[in-house]
Amino acid sequence: MEQKGERDHVSFAPKANGGKQDDHTVIEVDMQGLLEAGDHRRQRQPPYYVNSLSSWEMETLTAMCDTFLPSVDVSDVTTDEAIVKFFSTSASMAGTPERVGGLICQRLKHPKKWLLRVSLWVLSTWIGSLVLCGRGCLSSEFPYVQRFALLSRQRREEIVFSLSLGYFHLLRMFVKSLKLLILYVFFTQVDEKNDNLSWKAIGYSGPDLEHKIQSQQLKKLRQITGYGEYELEEDGGKQEFCGPLYRGLINLKIPRGMAFDKLRRLGFPISVMSRKTNVPSTISYPSLLIQCDAVVIGSGSGGGVVAGVLAKAGYKVLVLEKGNYCARNNLSLLEGQTLDQMYLSGGLLATDDMGMLVLAGSTVGGGSTINWSASIRTPEHVTKEWCDRYELELFDSKLYKEAMDVVCEKMGVQSEFQNEGFNNAVLRRGCQELGYPVSNIPRNSVADHYCGWCGLGCKDGRKKGTSETWLVDLVNSGNGAILPDCEAIKVLNKRKKGRGRKTATGVAFEFVYEGVKEICVVESKVTVVACGALSTPALLKRSGLKNANIGKNLHLHPVAMSWGYFPDTPFTNAWPEGEKKSYEGGIMTAMSTVVANFDGSGYGALIQTPSLHPGTFSMLMPWVSGIDMKNRMCRFSRTAHIFALGRDRGSGTVLSQNSISYQMEATDEENLKRGLEKVLRILAAAGAEEIGTHHSGGKTINVKKVSSHEFERFVKEESSKPLRGLSTPLCSAHQMGSCRMGVDPKKSAVNQMGETWEVEGLFVADTSVFPTALGVNPMVTVQAIAYCTAQSALEVLRRKKCRLRSN
């Protein structure tokens with residue numbers, strides 16, 4: 001067995017060659033407003049977050065940055081200029097500490113953020129360094145104890161590596177948090193040319209060339225036309241320029257008169273609440289009242305479906321979306337910018353104990369805009385469990401089967417592909433060599449959609465998320481409007497005489513206008529909350545709902561990964577083909593169920609592949625030393641990743657959007673370990689030269705140079721290591737169950753119609769209503785449930801309409 005990662009060993013991967021409608025209402029399009037709606041957040045991008053760390057904290061942070069990513073002279077090892085520059089540039093030389101400081105101060109919302117700042121300050125003192133670092137900071141010369149920042153690089157590396165594996169959980173959390181932030185920032189920060197100094201060395205192209213050219217042309221066009229002055233001759237041109245939702249998007253940041261006029265033209269009665277001269281400018285004073293039939297909070301796979309169905313049925317629907325809108329041509333496809341703009345909490349979300357990194361969409365279209373295309377129907381054993389064990393007849397109904405058919409047809413779900421990407425080709429070949437089951441993944445994109453950037457938005461609209469399907473129905477109906485960058489504060493409700501339950505009457509939301517938070521009130525007959533499993537519970541609690549199940553029973557589909565390195569040596573028949581890179585191609589086209597139904601329990605681990613661009617790749621890979629980390633990154637473009645996704649029995653609690661407690665059960669951990677064992681074997685069988693896991697120890701093995709006995713011992717040892725306690729980074733891209741559906745209000749938050757037990761006319765339509773963890777990618781299931789919930793909401797609206805006519 002060979003263990004890589006010796007602190008002073010430098011090796012390089014061989015360099016790769018290259019790398020490469022129908023109109024019901026006529027509305028003027030405010031091109032400037034739409035474009036600025038997508039651009040305004042870029043003003044907040046790192047390094048534009050203000051760093052307010054003290055000089056003492058910055059001294060330690062800078063030393064930490066240069067510990068994780070030091071300057072190393074390798075000119076005597078290679079003549080490749082890109083690699084020499086990458087190794088010789090430390091994190092501080094690239095300006096990373098200032099950017100990380102800005103993220104910590106302004107963007108990071110984790111409840112343990114105080115730990116970062118306290119630890120940075122403590123390490124800036126000699127006594128604090130002695131307490132945290134022990135003998136590592138002792139010196140034979142006066143003053144005999146050195147602050148962390150004054151230690152040699154080798155000493156700092158030894159201390160940081162020791163702390164990452166140490167006994168004290170808070171110190172492991174501190175080191176892990178800094179590692180994630182520093183590496184993420186370094187490998188995602190870009191210059192004025194949208195380039196990063198490491199990308200050429202690690203074989204990464206950045207955004208694909210075709211989109212980069214289109215973006216440059218669009219930028220020139222904007223400069224020439226002055227945004228709003230540009231007039232296009234054809235409606236299709238406007239759609240291409242702004243996206244298919246342009247007629248229904250209303251940016252409340254534009255001048256009030258324009259925004260209010262658009263709402264009126266779309267058929268929404270509004271009342272502008274003029275302030276009295278003696279009323280102070282506070283956020284508690286509503287500036288606008290909008291009336292509609294239904295207000296939908298959230299535009300993802302749940303809210304988007306409900307909004308489209310209700311609007312097509314002829315009802316006036318207003319959609320509130322906390323995130324911003326990024327049209328196809330306004331996407332940067334830059335990892336750092338996209339996570340900041342289109343992901344919840346800027347992609348910097350984790351459980352309270354840092355045991356799980358959590359990714360969730362926060363943009364128009366929600367998770368369907370940035371997910372990886374997998375469109376898998378609800379498994380039969382899951383619908384049976386929900387129907388039999390939880391007595392939910394909905395999942396055995398004709399309506400639910402119809403719903404799955406409808407949503408799959410709407411998204412164009414199909415299972416074919418013309419060319420398979422790097423990671424999936426590895427997974428497929430490894431399974432075939434070992435005789436493991438492997439199948440095509442149904443996707444909501446066409447067969448030739450060979451795109452590895454879909455986690456950063458779909459540049460051509462061929463991935464059919466809600467912003468390309470249900471929300472387009474909403475806009476084309478002439479009955480709907482979408483308000484981006486508007487966050488719901490509270491669902492409004494009141495108790496009517498003779499009624500046991502309260503009745504939902506609308507929602508209050510806030511937005512920022514000219515630097516000041518404004519409040520708007522929406523009056524509606526039906527209110528639908530679809531903020532996602534992490535945000536819906538907090539909104540319902542703020543709205544006065546007391547059901548004990550709200551925020552409980554959170555499932556996360558924990559994910560653990562392994563990797564395999566496939567060299568691309570010139571003049572050899574490398575496989576996968578030399579031109580293929582780990583970050584390109586369809587993100588998900590193959591999967592294996594080899595351990596997905598362990599012991600026939602319906603629980604286990606699904607084997608699939610991820611999308612990892614340099615920032616997320618570096619965050620997950622083990623850190624042993626600065627040189628070892630840079631060596632690993634030089635292999636980025638030819639390192640395949642495969643993961644095990646567990647259907648978890650364990651659950652957590654959503655305390656707030658940024659505070660999530662979660663404890664994985666021992667059986668879930670064992671299922672993931674079984675999955676990792678299979679993944680390591682799959683990588684080796686597919687021909688990987690070197691394999692490893694993400695365990696903090698950083699052990700690897702060269703499959704080509706060891707005996708079968710050594711290989712078996714490595715696989716068993718690595719797959720049996722604990723996954724809890726920050727020893728291995730775990731991830732979640734699926735959150736569900738925090739407001740689960742049921743037949744008993746003591747055990748659930750909503751009924752089978754999706755309506756809350758406490759408030760009439762208040763529906764929940766997102767993954768939070770799942771009774772248990774699903775076990776597969778949830779997009780089809782949440783859209784199918786939302787479709788059924790929309791039918792229930794329609795029935796309420798019809799009754800109220802009939803009642804109004806009779807009166």
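Here are a few notes on this predicted model, going from the sheet to the helices and then to some single residues.

1. Start with the sheet. Five strands make up an open sheet with parallel pairing, and their order is S8-S4-S3-S12-S23. Strand S8 (480-483) and strand S23 (762-764) sit at the edges, each pairing on one side only. On average, neighbouring strands of this sheet are turned by 15° against each other, direction ignored.

2. A handy landmark is Val319, whose bridge partner in S8 is Ile482.

3. Next, a helix pair. Helix H18 (residues 422-434) packs against helix H23 (residues 666-685) with the axes 7 Å apart and an angle of about 95°. Angles of 65 to 115 degrees count as roughly perpendicular, so that is how H18 and H23 lie to each other.

4. Which residues of H18 and H23 make the contact? From H18 they are Val426, Leu427, Gly430, Cys431, Glu433 and Leu434, and from H23 they are Arg681, Ile682, Leu683 and Ala685. By type, the residues of this contact split into seven nonpolar, one polar and two charged.

5. Thr700 is worth a click. Thr700 belongs to strand S20 (residues 700-702), and its relative accessibility is 2%. Buried means under 20%, so Thr700 counts as buried. Its side chain also has a polar contact, at 2.7 Å, with the side chain of Glu690.

6. Two cis peptide bonds to check by eye. One joins Phe142 and Pro143, with omega at about 10°; Pro143 is in the loop between helix H6 (126-133) and helix H7 (153-164). Another runs from Trp575 to Pro576, with omega near -10°, and Pro576 is placed in the loop between strand S13 (559-565) and strand S14 (590-595).

7. The loop between H6 and H7 also holds Tyr144. Tyr144 is not a glycine, yet its phi is positive, near 75°. Is Tyr144 buried or partly exposed? With 46% relative accessibility, Tyr144 counts as partly exposed.

8. Met354 is another non-glycine residue with a positive phi, about 65° here. Look for Met354 in the loop between strand S5 (349-350) and strand S6 (356-358). At 8% relative accessibility, Met354 counts as buried.

Methods. Residues numbered from 1 in each chain as written. Predicted model: local features only at pLDDT ≥ 70, side-chain atom pairs only at ≥ 80, totals over all residues. Heavy atoms only, no water. Pairing = 2+ DSSP bridges. Helix = DSSP H or I, 4+ residues; strand = E, 2+ residues; numbered from the N terminus. Axes fitted to C-alpha atoms, helices over the stretch in contact; angles between N-to-C directions. Parallel < 35°, antiparallel > 145°, perpendicular 65-115°, else oblique. Contact = heavy atoms within 4.5 Å. Nonpolar A, V, L, I, M, F, W, Y, C, P; charged D, E, K, R; others polar. Buried < 20%, exposed > 50% of the residue type's maximum accessible area, 1.4 Å probe, protein only. Polar contact = N/O pair within 3.5 Å; in protein donor to acceptor, adjacent residues only side chain to side chain.
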